[in-house]
Amino acid sequence: MKPPVPHVPAGEMLKLLDELAAYSAQGPGVTRLLYTPEWQGVQHFLQERMAGLGLEVRMDQVGNVYGTLAGSQVSDKVILTGSHIDTVVNGGRYDGAYGVAAAVTALHYLLETFGPPLRTLAVVSFCEEEGSRFPLTFWGSGNVTGLYNGKESIDCADVNGITLAAAMAACGLTGNEGLAAEAAAGLEQSFWRNSSPVRSDIAAYVELHIEQGIILERTSRKIGVVQAIAGQRRYLVKVGGTANHAGTTPMGLRQDALAGSAEMLLALERSALAEGDPLVATTGRLEVYPGTSNVIPGEVQFTLDIRHSEAGVLERFCAAVLAEFAELGRRRGLTLEVQMLLETAPAPMDQELRAALEEICLQQEKPYLSMVSGAGHDAQLFAPRCPAAMIFVPSRGGISHSPGEYTSPEDLAAGLEVLTAILYRLAYAEDT
């Protein structure tokens, strides 16, 4: 059974987006950090809204909020859709929140139009994804998928020294009583007292999100069907030379760490361009020591961020680049130290769900592009555990994580219609 072409009224979703954006700390854009009053307010608001629309509502131990429509035939497995509700500091109103608002609207439309689903549907507002307050990411979906076990909250603290556990307790999330004493005693007990936020009942996960890039806008496509979420390697590279007087050291006798680093970064750019899309390579931070205008730099530290959707290509490229760095350093008489900071594997999206989304786009006459996501998303944590899919809509100018983040109402509505159709296929169609 093919899903109908939905004509979902987008006004409800657009109004909900405005209401969510009102829960923000003062300042430009939207700032809604994990376990802050703004975060508490928006999750409470969403619980009330979902309940008012006929969804069964609950909040789990870390603050993820669920709204569920029980299936009339299959209720032990759940088709889950949604995104994260937290933001970066001075972020936009669409990143994360759009996926939540669209999911709530889609479930309300499906319930009002078709009644209860055959298979259970649920919307989730994940408590955190960005890592903006505490130095870890995916705290919401990471607990749901088993990436975390809760004990991380004892040692993980924000810039004010407030631990995750303390912030949770302040929000009334009290599943961690006695943990500090147990940890001090070296006892290997579960963090969660009564039950765990980990879910083993997810049959599929679908996430709608703004692209946060410029590709859809540049190619005049309404929808992006994500092939895979890119794997990522982050490194800290330290190049050592000899600090010396800028006026008395001949050019041919220098061991200039900055000049060597510059050559390495140009080689990085040249190699990335030669490799081609979807590989990207970035140096976002560079520090020079001693940092004085009349002293030859004796040490430079810089970061590398390298991403690709195929694990083999990512591994090969990183190995080749670091080998070239080593050779450039050797020729210049420089030392090289490389520290791995982050390693995440590529997350391919489910082929059947991708094919279904492409078919829906054709049915709805929406131009689409099959594409790779260079940014990380909650969907990448679900991909190894259940069929997962991501839908993108354009971002004006590719701007995101900024008050200037914008997607037109028409494009937001287009994403809502595609999301609603795939949820209908997964939860209502007899032949799924």
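Contact here means heavy atoms within 4.5 Å, and buried denotes under 20% relative accessible area, exposed over 50%, and partly exposed in between (1.4 Å probe, protein chains only). Helices (H or I, at least four residues) and strands (E, at least two) are DSSP runs, numbered from the N terminus.

The model is predicted: local features need pLDDT of at least 70 and side-chain atom pairs count only at pLDDT 80 or more, while totals for chains, interfaces and linings use all residues. Residues are numbered from 1 along each chain as its sequence is written, and side-chain values use heavy atoms, leaving out hydrogens and water.

## Geometry and faces of H11

H11 comprises 13 residues, 351-363, and spans 18 Å from its first C-alpha to its last, close to the 18 Å expected at 1.5 Å a residue (1.5 Å times one less than the number of residues). Its buried residues are Leu353, Arg354, Ala356, Leu357, Ile360 and Cys361. Seen down the helix axis, the buried residues of H11 fall within an arc of 160°, so they line one face; the arc is taken over the directions from the axis to the C-beta atoms. The face turned away from this buried side carries the exposed residues Gln351, Glu352 and Leu362.

Just after the helix, Glu365 adopts a positive phi of about 55°.

## Salt bridges

The structure holds 18 salt bridges, each a side-chain nitrogen of Lys or Arg within 4 Å of a carboxyl oxygen of Asp or Glu. Glu417 pairs in this way with Lys366, their closest N and O atoms being 2.7 Å apart. Since Glu417 belongs to helix H13 and Lys366 to the loop between H11 and S15, the pair ties together parts that are 51 residues apart in sequence. Both Glu417 and Lys366 are buried. Elsewhere, salt bridges that share partners join Lys15, Glu19 and Arg49 into one network.

Arg270 and Glu324 also meet in a salt bridge, at 3.7 Å from N to O. This pair links distant parts of the chain, with Arg270 in helix H9 (residues 257-275) and Glu324 in helix H10 (residues 311-332), 54 residues apart. Arg270 is exposed, at a relative accessible area of 52%, whereas Glu324 is partly exposed, at 29%. A further salt bridge joins the side chains of Arg285 and Glu287 at 3.3 Å, N to O. Arg285 is partly exposed at 41% relative accessibility, and Glu287 is partly exposed at 29%.

Asp86 sits in the loop between strand S3 (74-84) and helix H3 (97-114). Asp86 is buried and has no salt bridge; the nearest side chain of opposite charge, that of Arg32, is 7.5 Å away.

Which backbone nitrogens lie 2.9 Å and 3.0 Å from a polar atom of the side chain of Asp86? The nitrogen of Glu129 lies at 2.9 Å, and that of Glu130 at 3.0 Å. Leaving aside neighbours within four places in sequence, Asp86 is in contact with Arg32, Asp95, Phe126, Cys127, Glu128, Glu129, Glu130 and Gly131.

Definitions and conventions
Lys and Arg count as positive and Asp and Glu as negative; His and the chain ends are not counted. A polar contact is a pair of N or O atoms within 3.5 Å; within protein, one must be able to donate a hydrogen and the other to accept it, and residues adjacent in sequence count only if both atoms are side-chain atoms.
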